[in-house]
Amino acid sequence: MKGKSLRVRMILYTFLTTGFALLLSGVGLMLYDIRSLGADLKADLLTKTDMMNVTAKDLLTLEDPTTARKAADSFIQALSQSKHIQNAAIFQQDGSVLSAYSQQGADILYPEDTIDKRVIHTLNTGETEVYEPVLINDASVGLIYLSNSSQFIADRRQRYILILIAILIVSLGVTMASSTWLQSGFVTPVKDLVKTANRVSLEKDFSLRATKWTEDELGQLTDAFNLMLEKVQRRDNDLQASENRLRQVIDLVPHMIFAKDRAGRFIMCNKALADNFDSTVDQVLSSTHEEMHKMHKAEEARQMHEDDLKVIESGEALHLEETLTDKNGDVIYLKTTKIPYAESGTQDTAILGIAIDITHEKMVENELREAHEELKLANTDLEKRVNERTAEVFQYQQRLIRQEKLAAVGQVSGNIAHELRNPLGAIKQSIFFLNRYTKKYHLIDEHPKFGEHLEIMDEELKTADHVISSLLDMSRVKKMERKEVELEVMIGDLQTRCRVLPPKQFETTVTPSPLNIYADPLQLRQVLVNLVHNAKDATPPDGKIEVTAKLNNETRFVTITVSDNGSGIEKESLERIFEPLYTTKSKGTGLGLSICKQIIEEHHQGRMEVESEVGVGTRFIIHLPLDKHEAQS
Amino acid sequence: MSSVLVVDDHAGMRNTLIDILEEEGFEVDSACCGDEAVDRFKQHPFNAVIMDVMMPGINGVQAFQQMKHFNKDIKAIFMSAFAMEELKDQALSDGAVAFLYKPIDPDQLIGLLEQLSPEKAG
């Protein structure tokens, strides 16, 4: 019933109400009427019995039976005019019928029982029958019998029912008609209202209005509804305008503004975001998270969704930097803030996000960092180069100093050599003379110390001569005579030449073998001999000297090392080791190594270095150009 | 008897050489400079001349060249206190027997002179 339309309900209600009322009143009336009719008929039957008794008294007392029967017949005939009389009979004293009437034409029999007074029978069929004796002076002269017809009442009831049905039909027809009339005046405006309301809610068109059909309460309702619609329309327009303004504002913002639900679906976004996806706002809002992100790296989308959920779960804002790879594969750097957010009208938690494109800043930052790195690198490089140059300048200065010193030494030695060598020569000859002729004339035996002293003089003379020779070497500008030198041979020869004797070990390595170098053999040998002599002096009798030569194929330089496991050199001495006239040896001139360095660096365009550790040993390292070409350059 | 002229401006050099050579049996004369040496050589044809290179006046090589005017077969041995490559080359190309560096080895000198002596040569 609840689901039925108003119209059907109204018709049903009206039908039921009308029908029920009519039925109730009709049935009541009928019952009442039939009941009173029964009583009336009974009363009438008794009255007719009385009348019949009076008449029968007269008739039964008539002498002439024919006259009596005639009169009786006409009386019964008169009685039978009443439709409800079913049977009527007048019996004589002997039980014979004077006159009888039966609607059904049945025979009416004299009762078997003795009737001495009025007997009324109400039969189950609804019939009432009356027997009454006809008494004259308390003597019975006959009997009368009357009965009501049940059919009469049944007929009456049937008629009532038919009338009731007719009334019901007519009444319901009228009800139908009135309902139809009501529809036009009541249901139609309501239906129209409903239709309008439906359209408004469906189409969201608040400009629609319901038609006013009547001026009654329904008309007022329609007016109120329309007024409400108008207000809603105004509010909607205001809201729309406000939303448009908001939309305009968020669309004007160059940063991405969005809201996403728990499933990662966009429930709000601005133009900047849609542009970024190369899409429209509507497309974005109708797409799922996966659809929206499928053009991007799955990892990024997953990370974003994880962050969203983190914000939703914790209920706390999140500030992050994220990357977004667009469809061209370009990486966009975003500075994003995600805030927990409940969309108005729902209980669902979502996130509201603002993402600022910081790619440019990032790039600038990166460029700055790179520039900074480059600058740092350049600085380091510059520093390195400055250091290198400083070292070069220092070396150059050192070399200049050395060269100046050497030049001065050369000059001085050149000047004094002549003066010194003559006395030395004289002394040498004098010693020779004494040595030779004291022996010859046996004068040497005159004193046991003569010979010894002569030897001392001779030895010291040799030392002095060595010093002078070294000094002269420096002053002398020797002619360079470069040629192919077989290093293996020269190095192999050193042991014999320098008299390195067992148990002192002497090892040589030359790689590759053979290795020929373009150099002045005499000068190179002088250097090597000098170094091996030094090593020999620095090592204990069972010490070890190692000479190696190795070619660097890339630089085309040969590295020759002379190492020993001797006493090593103190740091202070090491720094000055190549200085002319600097010596740590009691018998040294301080010229050997400076001459070596001069030979290697000035004459051969090479480089000479030394490294040493006290107690461990010393290593001299010589770098020489291999070929003519490098040597000349 | 082989005659030798010792030329050196340094007296010590000169005198010790004279003593050694005389003891070895040479007939020794001496000069203290180039000019004097040339004069001596004019007067006496020595079998050999032992001469310093650097001396006051004309140097040893110049003196040697002048001496060659008188005896082109002159046997000269030079002594030098330090290397003078040009003069050495010149002297050797002019026919000098040897070019020794001071201090010289007397044994070596004696050996050279003995080879130059007329007895030996003859």
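Val547(A) has Val562(A) in S15(A) as its bridge partner. The model is predicted: local features require pLDDT of at least 70 and side-chain atom pairs pLDDT 80 or more, while totals for chains, interfaces and linings use all residues. Residues are numbered from 1 along each chain as its sequence is written, and chains are lettered from A and ligands numbered from 1 in the order in which they are written. Helices (H or I, at least four residues) and strands (E, at least two) are DSSP runs numbered from the N terminus, and two strands pair if DSSP finds at least two bridges between them.

Strand S14 (residues 544-552) of chain A and strand S15 (residues 557-564) of chain A run antiparallel and are joined by eight bridges. Within this pairing, Ile545(A) has Asp564(A) as its bridge partner.

The bridge partner of Val558(A) in S17(A) is Leu624(A).

An open sheet is formed by five strands of chain A in the order S12-S14-S15-S17-S16, with mixed pairing. Its edge strands, each pairing on one side only, are strand S12 (505-511) and strand S16 (607-613) of chain A. On average, neighbouring strands of this sheet are turned by 10 degrees against each other, direction ignored. Axes here are lines fitted to C-alpha atoms, for helices over the stretch in contact, and angles run from 0 to 180 degrees between N-to-C directions.

H13(A) packs on the sheet and touches S14, S15 and S17 of chain A; the direction of H13(A) makes about 25 degrees with that of S15(A). H15(A) likewise packs on the sheet, touching S16 and S17 of chain A, and the direction of H15(A) makes about 135 degrees with that of S16(A). Contact between two residues requires that their C-beta atoms, placed from the backbone, lie within 7 Å.

## The crossing of H13(A) and H15(A)

Two packed helices are described by the angle between their axes and the distance between the axes. The axes of helix H13 (residues 521-538) of chain A and helix H15 (residues 592-603) of chain A come within 10 Å and cross at roughly 145 degrees. This crossing is left-handed, a term applied if the near helix is turned anticlockwise from the far one by less than a right angle, with clockwise giving right-handed.

On the H13(A) side, the contact involves Gln523(A), Gln526(A), Val527(A), Asn530(A) and Leu531(A); on the H15(A) side, Gly592(A), Cys596(A), Ile599(A), Ile600(A) and His603(A). The contact comprises five nonpolar, five polar and no charged residues. In this classification Ala, Val, Leu, Ile, Met, Phe, Trp, Tyr, Cys and Pro are nonpolar, Asp, Glu, Lys and Arg are charged, and the others, Gly among them, are polar.

## Nonpolar cores

A nonpolar core is a set of buried Ala, Val, Leu, Ile, Met, Phe, Trp, Tyr and Cys residues joined through C-beta atoms within 7 Å. A residue is buried if 20 or more other C-beta atoms, placed from the backbone, lie within 10 Å of its own, exposed if 12 or fewer, and partly exposed in between.

The largest core has 43 residues, of which Val4(B), Leu5(B), Val49(B), Ile50(B), Met51(B) and Phe78(B) touch the most other members. Helix H9 (residues 359-440) of chain A contributes the largest share of this core, six residues. A second, separate core of 34 residues includes Phe506(A), Ile599(A), Phe620(A) and Leu624(A).

## Chain B

Chain B contains six helices and five strands, arranged from the N terminus as β-α-β-α-β-α-β-α-β-α-α. Of its 122 residues, 44% count as buried.

## Backbone exceptions

Most residues other than glycine have a negative phi, and most peptide bonds are trans. A cis peptide bond joins Pro502(A) and Pro503(A), with omega about 10 degrees; another joins Lys102(B) and Pro103(B), with omega about -5 degrees.

Arg556(A), not a glycine, has a positive phi of about 55 degrees. Arg556(A) is exposed, with 12 other C-beta atoms within 10 Å.
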